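Please consult the sequence and structure shown below while reading.

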Amino acid sequence: MAKSRVQFICQNCGSVHQRWAGKCDACGEWNTLVEEGTSGGIGSGPANTRNARKGRAVVLTTLSGDIEDAPRIISGIGELDRATGGGFVRGSALLVGGDPGIGKSTLLTQAAAALASRGHRIVYVSGEEAVAQIRLRAQRLGVADTPVELAAETNVEDILATIADGKRPDLVILDSIQTLWTDLADSAPGTVTQVRAAAQAMIRYAKSTGAAIVLVGHVTKEGQIAGPRVVEHMVDGVLYFEGEGGHHYRILRTVKNRFGPTDEIGVFEMSDKGLREVSNPSELFLGERHAKSPGAAVFAGMEGTRPVLVEIQALVAQSSLGTPRRAVVGWDGARLSMVLAVLEAHCGVRFGQHDVYLNVAGGYRISEPAADLAVAAALVSSLTGLALPADCVYFGEISLSGAVRPVAHAQQRLKEAEKLGFGSAVLPLGSEELAGGIGAGAFQPTELADLVARIAGSRRSRVDDEE
C-alpha cells in the first residue's frame with residue numbers, strides 16, 4: 001500500500017509545494033497554499049511515473065491543408081448561440097460561471113430543453129440539487145415535457161458509466177464542477193486536486209466521444225471562477241453570466257472561445273417564466289431615459305461584434321468635505337480620475353470643490369476606453385446644468401494631452417444609433433470613412449477643449465435667445 005504524504009497545493013494556480021509558505025512561488029498569490037494528503041494517486045509526482053509506458057511517434061503535418069468548420073449543435077436560443085460562436089461544438093468543453101442565483105441553472109435548463117426538443121440526447125447531472133428540484137424548475141419554465149435525462153450524482157466514475165449506457169449524448173451538463181469527485185484523488189470535493197482531476201476526466205470523455213460538455217463553476221467574491229485557473233486553460237470556452245440583483249437583465253459574456261470570437265455577449269431578461277432573449281439590448285438600456293436631464297450622455301459602445309447604446313449619468317455637486325468624493329458604478333474609477341484631470345489641466349473645468357458621481361444606467365459595465373468622450377460630456381453637462389442634445393451619441397478616447405483619439409467600428413456604432421432614432425453624433429476626427437446618415441454631419445473635435453467650448457457655446461446661445 002502506498003504511503004500517504006502531505007502536499008500543499010495552491011488554490012489559485014494548482015501548483016504543488018512540498019512545504020507550506022505564505023506566498024505561492026508559481027503565481028505570486030499570498031495565503032493560497034492548502035494542505036492536502038496524497039497516497040500515490042493523482043499529482044503524486046515521480047512515484048506515479050515508475051510504470052510509465054514508452055511513448056509512440058505521432059505524425060507531423062504542415063500548416064496548409066483542408067479546413068473543416070467545427071460541427072455545432074444549434075440550440076435555437078439566439079443569444080446563447082451568439083455567445084458560444086454559433087452553437088455548442090461537438091467534442092468541446094465549456095465552462096460557465098456566475099454569481100449564486102444569477103440564473104445559470106435556469107439558462108442551462110432552457111438550453112437543455114430546447115436541444116432535447118430538436119431530437120438531441122441531453123443529459124443534465126446535478127451535484128447540488130435533487131431531481132425533484134430540477135423538475136420544479138422545469139415546470140415553472142414550461143419545459144417539463146421535453147425528453148431531458150436527469151441525474152443527481154457527484155462521482156465522476158458513476159457519471160461516466162451512466163452516460164456511456166445507450167446512445168452517445170450530444171450534450172452533458174454538469175452542475176457544478178466543484179461538487180464532483182473522483183476515486184483517483186483522496187482529497188475532499190471542491191479542492192484543487194479534485195476539481196482538476198474531475199474536469200480532466202470529463203474533458204477526456206468529450207474529446208474521445210464527440211459529446212459536448214458544459215461545466216458550471218462557482219465564482220469567488222472577486223467575481224472570478226473559483227478553483228484552479230488551470231481548469232480555464234483546459235476547457236475550450238469560458239462564459240460569465242453577469243447581472244445585478246436589482247435589474248432584470250442578464251448578460252452572458254464570452255471571455256474565451258477556441259471556436260469563435262471572444263468578447264461576444266448575449267442579453268437576456270429575467271422573468272417569472274425564465275430567461276427571455278433581448279434581441280436589441282440598446283432599447284433595454286435606454287428604455288427609461290429622461291432626455292432633458294443634465295449630466296446624461298448616450299454612449300455608443302461595442303461588445304464583440306454587437307453595438308450597444310447605453311446612457312452614462314454624471315452628478316457633479318458642491319462638496320462640503322476637505323477631500324471631494326469620487327464614486328463610480330459600472331466604469332473604471334481610475335479612468336474617471338484621468339478624465340477629470342484632463343478636463344482641469346487642458347480645458348479649465350474645475351472639479352476640485354465638487355463631489356463627482358458617475359453611473360452607467362441599467363447596471364451595465366463598460367470596459368472599453370471609447371467611453372471617455374461620453375463621460376467627459378456628461379461631467380461638463382452636470383457641472384454647467386445644461387442638458388445635452390437628446391438625439392446625440394458620443395464615443396471617443398481621450399489622451400492625457402487632451403486630444404480625442406479615434407476608436408474602431410465607428411460606422412457600426414453610428415448605424416445602431418441611427419436605427420434607434422438618433423440624429424447627431426460626436427466622434428473623433430480621423431475615424432474610418434463615414435458614408436451618409438448621421439455620420440455626414442457629425443461633430444468631430446480634435447481636442448477635448450473643442451467639445452467643452454461647444455457645450456458652453458450652446459449655453460451662451462440659449463441665454464442670448466432668452467434675452
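## Strand pairing

Val125 has Leu174 in β9 as its bridge partner. The two strands concerned, β7 (residues 122-126) and β9 (residues 171-175), run parallel to each other and are paired over five bridges; pairing requires at least two DSSP bridges between strands, and strands are DSSP runs (E, at least two residues) numbered from the N terminus. The model is predicted: local features need pLDDT of at least 70 and side-chain atom pairs pLDDT 80 or more, while totals for chains, interfaces and linings use all residues. Residues are numbered from 1 along each chain as its sequence is written, and side-chain values use heavy atoms, without hydrogens or water.

An open, mixed sheet is formed by nine strands in the order β8-β7-β9-β10-β6-β11-β12-β13-β14.

## Cavities

The whole structure contains six cavities of 30 Å³ or more. A cavity is a set of points on a 1 Å grid over the protein atoms alone where a 1.4 Å probe fits but cannot get out, and lining residues have an atom within 4 Å of a point. Volume is the space filled by probe spheres set on the points, which are joined across faces, edges and corners.

The largest cavity has a volume of about 90 Å³. Its lining includes Arg72, Phe88, Asp236 and Phe259.

How values were computed: On a 1 Å grid over the protein atoms alone, a cavity is a set of points where a 1.4 Å probe fits but cannot get out, and a pocket is an open set with protein on both sides within 12 Å along at least five of seven lines; lining residues have an atom within 4 Å of a point. Helices (H or I, at least four residues) and strands (E, at least two) are DSSP runs, numbered from the N terminus.
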